[in-house]
Amino acid sequence: MKKVLVTGGLGFIGSSVVDVLIRNNYDVAIYDDLSTGSIIDAYPGCIVFTNRVEDANSLDLAMSIFKPEFIIHLAAQISVEKSVNNIVDDALTNIIGTVNIIKLARIHGVKKIVFASSAAVYGKSDILPIPVSYEGQPLSPYGASKKTAENYLKVAKELYGIDYVILRYSNVYGPRQTSNGEGGVVSIFMDRLIRNKQVTIYGDGFQTRDFIYVEDVAKANLKALQYGKSGVFNISSTTSTSILELMGLIQEICMDTLPPVFGHERNGDIKNSVLCNQSSIDSLSWTPEHSLKQGLLKTYHFYLSEKMASVNV
Ligand SMILES: NC(=O)c1ccc[n+]([C@@H]2O[C@H](COP(=O)([O-])OP(=O)(O)OC[C@H]3O[C@@H](n4cnc5c(N)ncnc54)[C@H](O)[C@@H]3O)[C@@H](O)[C@H]2O)c1
């Protein structure tokens, strides 16, 4: 069985990645500091190392024990807002954490690192959908730290021969998401509508996003491990959905008719964001399998069962 260390494997996306790997007969260990992830989401039987990626000694120990051939590196500071208010912490986790992973991957003979990057590396673009070849300019410390980590991975391939696959996710949504992430709008809307509370839309609601279901993202990570080379890919639906359209779909699913409240547009919000996934389809043989409606339905059933479980406790 091939051995994969998944950093951030107790988080929203990481726990789905672990599910997919185990179902495909990989031997998986998790490295996660539990800052936003939950031990409840640990896969039964999986080794879990609980420490920070900034701690190189602890990472070293984990790799000496588990001896991974591959690393899927998802552990990160994920909030754009926090990155603006605490630029150093963001850099320590997202840049130094990734540099530690690279240093120890070299020492322990890891063949490939799959890295969770983001649409935030592109910043604003007049070209939509944004092709993976678009250079772009990050607008936040979060986007800059992800871009810097990408650059380190490319240097590591040249210097040490470690393969990399960089996956730039658009807005990921689905079960187990908290309201912190980049796709957090789905979990916020759904959580409020299930509890019969009004939703606030910041701006006019015509801003568009590219929503991708978490199981499709997890499968992209599997394809990235199986891909014979290094490369950079957009993991997205390539479909623009306005926040008003999203709201309408969620209302239909939740059978809710409460009108939304409109708040001021938030500073730094990008008006339209959509990523072109064609090269992922061509080279990784990956295609998103869930339409937005299918993904939202699965997400709704998850939140509903969580709500029922909390009522029955
Ligand atoms: N959710 C999205 O829409 C989205 C979009 C683009 C990119 N990403 C990237 O995907 C990855 C996973 O994001 P997510 O949405 O699942 O977030 P999440 O917060 O649910 O998961 C992150 C996991 O990493 C762990 N972690 C955080 N800091 C750590 C540290 N310093 N050391 C060790 N573990 C640490 C957390 O405990 C958590 O389990 C991140 O790298 C994020 O930047 C997410």
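Five aromatic pairs were counted in the predicted model. Rings of Phe, Tyr and Trp (its six-membered ring) pair if their centres lie within 6.5 Å; planes under 30 degrees apart count as stacked, over 60 as edge-to-face and the rest as tilted. Y122 and Y134 form a tilted pair, because their ring centres are 6.2 Å apart and their planes stand at 50°. Both Y122 and Y134 lie in the loop between strand 5 and helix 5, so the pair ties together parts that are twelve residues apart in sequence. Helices (H or I, at least four residues) and strands (E, at least two) are DSSP runs, numbered from the N terminus.

This is a predicted model: local features need pLDDT of at least 70, side-chain atom pairs count only at pLDDT 80 or more, and totals for chains, interfaces and linings use all residues. Residues are numbered from 1 along each chain as its sequence is written, and side-chain values use heavy atoms, with hydrogens and water left out.

Backbone geometry was examined next. The peptide bond from L128 to P129 is cis, with omega near -5°. P129 is placed in the loop between strand 5 and helix 5. N196 has a positive phi, near 60°, in a residue other than glycine. N196 sits in the loop between helix 6 (185-194) and strand 8 (200-202).

The ligand is surrounded by 31 residues, with D32, T36, L74, Y142 and K146 the closest. A residue counts as near if one of its heavy atoms lies within 4 Å of the molecule. By class, this shell has 13 nonpolar, twelve polar and six charged residues. Ala, Val, Leu, Ile, Met, Phe, Trp, Tyr, Cys and Pro count as nonpolar, Asp, Glu, Lys and Arg as charged, and the others, Gly among them, as polar.

An oxygen atom of the ligand is 2.8 Å from one in L74. An oxygen atom of the ligand is also 3.1 Å from one in S35. A nitrogen atom of the ligand is 3.1 Å from one in D33. Taken alone, the ligand exposes 820 Å², and the protein buries 97% of that (Shrake-Rupley method, 1.4 Å probe). Helix 1 (12-23), strand 5 (112-118), helix 5 (141-160) and strand 7 (171-173) are the elements that give two or more residues to the shell. Strand 5 gives the most, with three residues.

The structure holds one cavity of 30 Å³ or more. On a 1 Å grid over the protein atoms alone, a cavity is a set of points where a 1.4 Å probe fits but cannot get out; lining residues have an atom within 4 Å of a point. The largest cavity has a volume of about 50 Å³, the space filled by probe spheres set on the points, which are joined across faces, edges and corners. Its lining includes Y202, D204, R209 and E265.

Terms used. 1 Å grid on protein atoms, 1.4 Å probe; cavity = no way out; pocket = protein on both sides within 12 Å on 5 of 7 lines; lining within 4 Å. Polar contact = N/O pair within 3.5 Å; in protein donor to acceptor, adjacent residues only side chain to side chain.
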